[in-house]
Amino acid sequence: MSTHVSAAPVGAWEGGGSPYATNSKKFGMWLFIISDALTFSALLFAYTYSRVANPDWPKPFEFFPSIIFSSVMTFCLLSSSLTMVMAVHQMNKGNRKAAGLWILGTMAGGALFVVLHATEWMRLIHEEHVTAWSNPFGVPLFGATFFGITGLHMTHVIIGVIYLGIICQAVVRGKFKAEDVEVAGLYWHFVDLVWMFVFPLVYLMSAHVN
Amino acid sequence: MSTHTEQTEHIEHVTVGTFNKVWVGLLILTAIEVFLCYKQLPTLIMLTALVGLSVIKAAMIIAYFMHLKFERFSLFLTLFPMLIFCILLMLIFLGDATRIPAMRPPA
């Protein structure tokens with residue numbers, strides 16, 4: 001990055017410099033994250049509205065396996081965020097090999113999350129007979145909101161794992177800069193952040209309590 | 001001063017220990033959420049408690065993991081007030097949801 005862009009010599013808002021003292025890739029990712037956050041906010045709000053408006057909303061998630069599985073999935077994502085932070089940290093120190101290994105760890109956390117989530121989905125579909133359009137509980141919106149929200153989130157995780165794979169191979173081969181890893185990290189942390197709302201609202205609010 | 005140097009200086013303020021503490025904090029808050037869900041609270045109180053804890057977790061992730069705490073304040077002002085404003089606009093309708101069960105015709 002040139003000195004001219006970030007120097008902001010006179011005043012941050014007087015032109016000739018970046019008022020954010022950041023690079024355009026990172027700013028672009030932030031804008032994407034904010035717009036995606038609005039998408040998830042709207043979905044989660046629609047779910048919450050339906051949830052509050054239906055006193056007979058089903059609570060099918062047993063402590064085992066659903067709550068245990070989703071808690072372990074939360075642990076996977078939180079831990080993968082930590083490994084992503086470590087990857088950025090190592091990349092800033094110029095240690096590409098260590099950064100590549102931390103990114104691989106992050107991908108492993110994401111992949112484990114997807115496997116556990118897919119297992120949970122299959123159990124719901126085959127054992128509880130819940131689909132996106134029908135379920136035995138008599139509240140069709142349950143399946144629609146559950147599969148809609150968790151499906152969109154899982155899509156983000158899968159895209160994130162692919163994105164990190166591309167970044168990882170480039171980092172190990174000596175391509176890409178620290179800022180590219182940091183931008184990928186922003187995306188990954190956002191995926192983690194969204195799950196921090198999906199987990200309590202979708203799973204914990206519908207936990208089966210005896 | 002180049003952007004890269006500024007960023008490196010920011011990151012130096014945050015040690016690996018800080019990231020570990022944030023991670024442990026997030027895990028503890030998650031455990032509290034799981035504990036709360038077995039406390040048989042009314043739906044709206046449970047909803048408020050869980051969303052409140054989730055907002056704290058989101059703030060920790062944004063501030064430390066996403067480094068927003070160490071960016072210029074102008075970046076925060078550009079991105080977040082409008083996001084919060086839009087979410088609050090959506091929440092205006094939540095009151096409606098509480099009235100719907102009372103408006104149902106008796107079975």
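Is A:His129 buried or exposed? I began with this residue, and I note that the model I am reading is predicted.

**Entry 1: A:His129**

I counted 12 other C-beta atoms within 10 Å of A:His129, so the residue is exposed. The cut-off for exposed is 12 or fewer. I then looked up where A:His129 sits: in the loop of chain A between helix H4 (96–126) and helix H5 (140–172). Its phi is near 55°, which is a positive value in a residue other than glycine.

**Entry 2: B:His67**

I looked up a histidine in chain B as well. Phi of B:His67 is near 65°, again positive in a residue that is not glycine. B:His67 lies in a loop of chain B, between helix H3 (43–65) and helix H4 (73–91). The cut-off for buried is 20 or more.

**Entry 3: chain A as a whole**

I listed the secondary structure of chain A and found six helices and zero strands. Along the sequence the pattern reads α-α-α-α-α-α. The C-alpha atoms fill a box of roughly 65 × 40 × 25 Å along the principal axes. Chain A has 210 residues, and 43% of them count as buried. I also checked the contacts between residues at least 6 apart in the sequence of chain A: 72% of these join residues at least 24 apart.

**Entry 4: helix H2 of chain A**

I took helix H2 (residues 24–53) of chain A next. It has 30 residues and reaches 43 Å from its first C-alpha to its last, close to the 44 Å expected at 1.5 Å a residue. Which residues of H2(A) are buried? I noted A:Lys26, A:Trp30, A:Ile33, A:Ala37, A:Leu44, A:Tyr47, A:Tyr49, A:Arg51 and A:Val52. I then looked for what covers these buried residues. From chain A, the cover includes H5 and helix H6 (178–203). From chain B, it includes H3, H4 and helix H5 (94–103).

**Entry 5: helix H3 of chain A**

I went on to helix H3 (residues 63–92) of chain A, where A:Pro65 is found. The peptide bond from A:Phe64 to A:Pro65 is cis, with omega near 10°.

I looked up how H3(A) packs against H6(A). Their axes are 9 Å apart, at an angle of about 160°. The two helices are therefore roughly antiparallel to each other; angles over 145 degrees count as such. The crossing of H3(A) and H6(A) is left-handed.

**Entry 6: H3(A) against H2(B)**

H3(A) also meets a helix of chain B. The axes of H3(A) and H2(B) come within 11 Å and cross at roughly 165°. That makes H3(A) roughly antiparallel to H2(B). H3(A) passes H2(B) in a right-handed crossing. I wrote down the residues that meet. On the H3(A) side they are A:Ile67, A:Ser71, A:Thr74, A:Leu78, A:Leu82, A:Val85 and A:His89. On the H2(B) side they are B:Val16, B:Phe19, B:Trp23, B:Leu26, B:Leu27, B:Thr30 and B:Val34.

**Entry 7: the two chains together**

How many residues of chain B are in contact with chain A? I found 43 residues of chain B in contact with 43 residues of chain A. On the side of chain B that touches chain A, H1, H2, H3, H4 and H5 of chain B each supply at least two residues. H3(B) gives the largest share of that side, 10 residues.

**Entry 8: B:Leu29**

I picked one residue in helix H2 of chain B, B:Leu29. B:Leu29 has 16 other C-beta atoms within 10 Å, so it is partly exposed. Not counting residues up to four places away in sequence, B:Leu29 touches B:Leu53, B:Ile56 and B:Lys57. B:Leu29 and B:Lys57 are 28 residues apart in sequence, while their C-alpha atoms are 7.4 Å apart in space.

**Entry 9: confidence**

I looked up the scores last. The model scores ipTM 0.88 and pTM 0.89. Chain B has a mean pLDDT of 86, and 87% of its residues reach 70 or more. Which elements of chain B have the lowest and the highest mean pLDDT? The lowest is helix H1 (residues 3–13), at 50, and the highest is helix H2 (residues 16–36), at 95. Over residues 1–9 of chain B the pLDDT is below 50. Beyond near neighbours in sequence, this stretch has 14 contacts in the model.

How values were computed
Residues are numbered from 1 along each chain as its sequence is written. Chains are lettered from A and ligands numbered from 1 in the order in which they are written. This is a predicted model: local features need pLDDT of at least 70, side-chain atom pairs count only at pLDDT 80 or more; totals for chains, interfaces and linings use all residues. Helices (H or I, at least four residues) and strands (E, at least two) are DSSP runs, numbered from the N terminus. Two residues are in contact if their C-beta atoms, placed from the backbone, lie within 7 Å. The expected span of a helix is 1.5 Å times one less than its number of residues. pLDDT is the predictor's confidence in each residue, from 0 to 100. Axes are lines fitted to C-alpha atoms, for helices over the stretch in contact, and angles run from 0 to 180 degrees between N-to-C directions. Angles under 35 degrees count as roughly parallel, over 145 as roughly antiparallel, 65 to 115 as roughly perpendicular and the rest as oblique. A crossing is left-handed if the near helix is turned anticlockwise from the far one by less than a right angle, and right-handed if clockwise.
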